[in-house]
Amino acid sequence: MTVMDKINSQTRTIMNAILDQEPLNYIEAAGLYGIVAQGRFNVALLQVMYNHAHDPELKALIKEAISHHTEMTIEKAEDKLFESDGHTPAFHFVKRNLHDSPITIPDDARMSDQEIAIAVGTMAKAAQTTVLTALHSSYQLDVALMYRKALDHGLDFDYRLLQLMLNRGWLPHLTKISH
């Protein structure tokens with residue numbers, strides 16, 4: 001995207017925010033509701049994985065996934081629902097303390113750092129697929145822009161997680177097909 005494309009995009013967003021005050025349609029509201037619900041569960045799961053992880057770089061990426069990706073997306077989705085008099089899921093999960101130093105959990109009862117990294121990567125891919133589907137179903141420009149930004153940040157996060165997994169030798173070996 002060129003600088004001019006970004007300027008045009010921001011200009012359209014500002015103009016639509018001023019002139020286009022339509023409420024969310026059912027598909028947009030359902031997408032946002034689903035993102036809030038799944039995001040709340042993902043935060044709980046990421047908190048547990050953070051506490052199981054030993055690798056400091058992996059812990060830092062999980063902490064970023066919680067605060068800069070998942071919780072931020074939840075807040076923005078909730079704001080969009082509230083602006084249209086929509087409802088958010090009524091359930092919440094227990095907020096767990098994040099322990100910076102590894103806690104003692106027997107090896108046979110905790111996930112390894114490799115398993116955690118693979119799980120976080122799988123969760124990120126599933127979240128991005130959900131956001132992309134919601135983006136394709138969105139008619140409101142500000143909602144679509146929120147999704148696009150979440151995808152951009154998510155792809156950058158995936159790249160850094162993949163680099164960590166490569167550097168640590170955590171990627172599973174996939175047998176190649178030979179002819």
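Modeller: Let us begin with Asp85, which sits in the loop between helix 3 and helix 4. Please keep in mind that this is a predicted model.

Biologist: What is the phi of Asp85?

Modeller: Asp85 has a positive phi of about 60 degrees, although it is not a glycine. Most residues other than glycine have a negative phi.

Biologist: Is Asp85 buried or exposed?

Modeller: Asp85 counts as exposed, because its relative accessibility is 68% and the cut-off for exposed is over 50%.

Biologist: And where is Arg110 found?

Modeller: Arg110 also belongs to the loop between helix 3 and helix 4. Its relative accessible area is 18%, and buried means under 20%, so Arg110 is buried.

Biologist: Which residues does Arg110 touch?

Modeller: Leaving out residues up to four places away in sequence, Arg110 touches His52, His54, Ile105 and Glu115. With His54 there is a polar contact of 3.3 Å between the two side chains.

Biologist: Let us step back. How many helices and strands does the protein chain have?

Modeller: The protein chain has 5 helices and 0 strands. Read from the N terminus, its elements run α-α-α-α-α. The C-alpha trace spans about 55 × 45 × 30 Å along its principal axes.

Biologist: What share of the residues is buried?

Modeller: Of the 179 residues in the protein chain, 36% are buried. As for contacts between residues at least 6 apart in sequence, 83% join residues at least 24 apart.

Biologist: Which residues does Leu46 touch?

Modeller: Not counting residues up to four places away in sequence, Leu46 touches Ile62, Ala65, Ile66, Thr70, Val120 and Met123.

Biologist: What about Leu45: where is its place?

Modeller: Leu45 is in helix 2. At 32% relative accessibility, Leu45 counts as partly exposed. Its C-alpha atom is separated by 9.6 Å from that of Ile66, 21 residues apart along the chain.

Biologist: One last topic, the largest pocket. How much space lies in it?

Modeller: About 580 Å³ of space lies in the largest pocket. Its lining consists of 31 residues, and Asn42, His69, Thr70, Thr73 and Ala127 lie nearest the centre.

Biologist: Which helices supply the lining of the largest pocket, and how do its residues divide?

Modeller: Helix 2, helix 3, helix 4 and helix 5 each supply at least two residues of the lining. The lining residues divide into 17 nonpolar, 12 polar and 2 charged.

Methods: Residues are numbered from 1 along each chain as its sequence is written. This is a predicted model: local features need pLDDT of at least 70, side-chain atom pairs count only at pLDDT 80 or more; totals for chains, interfaces and linings use all residues. Side-chain values use heavy atoms; hydrogens and water are left out. Contact means heavy atoms within 4.5 Å. On a 1 Å grid over the protein atoms alone, a cavity is a set of points where a 1.4 Å probe fits but cannot get out, and a pocket is an open set with protein on both sides within 12 Å along at least five of seven lines; lining residues have an atom within 4 Å of a point. Grid points are joined across faces, edges and corners, and a volume is the space filled by probe spheres set on the points. Helices (H or I, at least four residues) and strands (E, at least two) are DSSP runs, numbered from the N terminus. Ala, Val, Leu, Ile, Met, Phe, Trp, Tyr, Cys and Pro count as nonpolar, Asp, Glu, Lys and Arg as charged, and the others, Gly among them, as polar. Buried means under 20% relative accessible area, exposed over 50%, partly exposed in between (1.4 Å probe, protein chains only). A polar contact is a pair of N or O atoms within 3.5 Å; within protein, one must be able to donate a hydrogen and the other to accept it, and residues adjacent in sequence count only if both atoms are side-chain atoms.
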